[in-house]
Amino acid sequence: MMVNKHTVRENAEKRVKELKGYYRHIFIFIVVNGFLYLLKTGVLNSLLPETFPKESYYYDWINANILIWAVILVVHTLILQRHKFTFFKKWEARQIQKYMEEDRGKVDKYK
């Protein structure tokens, strides 16, 4: 199979773009959730205005936010690593071969 250099470059650029997006996602996850966690633990109380709520029950949602976002980050990781999961490609190839053989058997039967 002949592979076009232009196609190879496009695929490489696409992978790099996906990787940059993934690293950006991790960075934003750490910054935002780190800030929220510090807010929840009260570390930032001295920096907050007096009228800002400081009671811990205002921040009960932060744990759920971190958990949900972590699950999304895991899904993003799986999507990014999809090319390493050869099981699905092998399964697909086996299924295609199986159906081709079945169809050949039907064609031979009617000859």
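A residue counts as exposed when its relative accessible area is over 50%, as buried when that area is under 20%, and as partly exposed in between. The structure described here is a predicted model. E13, with a relative accessible area of 42%, is partly exposed.

Side chains of opposite charge can pair when their charged atoms come close. Two salt bridges were counted in the model. One of them joins R9 and E13, whose closest N and O atoms are 3.1 Å apart. Both residues belong to helix α1, which spans residues 5-41, and they are separated by four residues, about one turn of the helix.

A salt bridge is also formed between the side chains of R82 and E18, with an N to O distance of 3.0 Å. R82 is located in the loop between α2 (61-80) and α3 (86-109), whereas E18 is in helix α1, so this pair ties together parts that lie 64 residues apart in sequence. Both partners fall in the intermediate class: R82 is partly exposed at 39% relative accessibility, and E18 is partly exposed at 22%.

Helix α1 also contains N33. The relative accessibility of N33 is 4%, which is under the 20% cut-off, and N33 is therefore classed as buried. A polar contact of 2.7 Å links the side chain of N33 to the side chain of N65. When neighbours within four places in sequence are left aside, the residues in contact with N33 are I28, N65, I66 and W69.

Definitions and conventions:
Residues are numbered from 1 along each chain as its sequence is written. This is a predicted model: local features need pLDDT of at least 70, side-chain atom pairs count only at pLDDT 80 or more; totals for chains, interfaces and linings use all residues. Side-chain values use heavy atoms; hydrogens and water are left out. A salt bridge is a side-chain nitrogen of Lys or Arg within 4 Å of a carboxyl oxygen of Asp or Glu. Helices (H or I, at least four residues) and strands (E, at least two) are DSSP runs, numbered from the N terminus. Buried means under 20% relative accessible area, exposed over 50%, partly exposed in between (1.4 Å probe, protein chains only). A polar contact is a pair of N or O atoms within 3.5 Å; within protein, one must be able to donate a hydrogen and the other to accept it, and residues adjacent in sequence count only if both atoms are side-chain atoms. Contact means heavy atoms within 4.5 Å.
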